[in-house]
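Me: I'm new to helix packing and would like to work through an example. Could you take me through it one step at a time?

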Amino acid sequence: LRAEKLIQGALSLDPGSVAVRRALGDLRWAQGRCYEAMGAYSGALALAPDDGELQARVALAFAGMGRRDQAEPLLAQLAGRDDLTAGAWQAMADAHTLLAQPQAAAACCRRAGSANQQPASAATPNSACSKARQRLIAR
């Protein structure tokens, strides 16, 4: 609740902030509010249309809403880019996981690790990459 108030306050001070809108989307996603996360991510993407990490988060929100027909083309488009951050690849891995595409999720996890030059799971412990890594360690 405190984080939400802080983000809302920051958004009222700077409604054109891509970072604040992304943070609001991340908060809504963490709360399980996919549609509201999509609204925040879309608002940020309107301000920064070439931001690959935001595009990946939009794809993740589409997947969370069960909108495979919109998530998959965006994921395919993003997969061809070579300028994505580890966070973008992790969001894509999570989207593929939600779409029941484990091989594509694993490929994104590998790309996240390469982009980050460290295990992708170190940055976001709740990501699909982290969960996949934990399963491998448990074997």
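Me: Happy to start! At what angle do helix H2 and H4 pack?

Reply: Keep in mind that this is a predicted model. Helix H2 covers residues 18–30, and its axis lies 12 Å apart from that of H4. The angle at which the two pack is about 25 degrees.

Me: Are H2 and H4 roughly parallel or roughly antiparallel?

Reply: Angles under 35 degrees count as roughly parallel. H2 and H4 pack at about 25 degrees, so the two helices are roughly parallel.

Me: Which residues in H4 does H2 meet?

Reply: On the H2 side, the residues are Val 18, Arg 22, Asp 26 and Trp 29. By class, the contact of H2 with H4 divides into 5 nonpolar, 1 polar and 3 charged residues. The H4 residues that H2 meets are Leu 54, Arg 57, Leu 60, Ala 61 and Gly 64.

Me: Now for H3. How is H3 oriented relative to H4, roughly parallel or roughly antiparallel?

Reply: The axes of H3 (residues 34–47) and H4 (residues 52–64) come within 9 Å and cross at roughly 155 degrees. Angles over 145 degrees count as roughly antiparallel. Therefore H3 is, relative to H4, roughly antiparallel.

Me: How many charged residues does the contact of H3 with H4 have?

Reply: From H3, the contact includes Cys 34, Met 38 and Tyr 41, and from H4 it includes Arg 57, Val 58 and Phe 62. By class, there are 9 nonpolar and 3 polar residues, and the number of charged residues is 1.

Me: Last one! Which hand does the crossing of H3 and H4 have, left or right?

Reply: H2 and H4 make a left-handed crossing. For H3 passing H4, the crossing is also left-handed.

Notes. Residues numbered from 1 in each chain as written. Predicted model: local features only at pLDDT ≥ 70, side-chain atom pairs only at ≥ 80, totals over all residues. Heavy atoms only, no water. Axes fitted to C-alpha atoms, helices over the stretch in contact; angles between N-to-C directions. Helix = DSSP H or I, 4+ residues; strand = E, 2+ residues; numbered from the N terminus. Parallel < 35°, antiparallel > 145°, perpendicular 65-115°, else oblique. Left-handed = near helix turned anticlockwise from the far one by under 90°. Contact = heavy atoms within 4.5 Å. Nonpolar A, V, L, I, M, F, W, Y, C, P; charged D, E, K, R; others polar.
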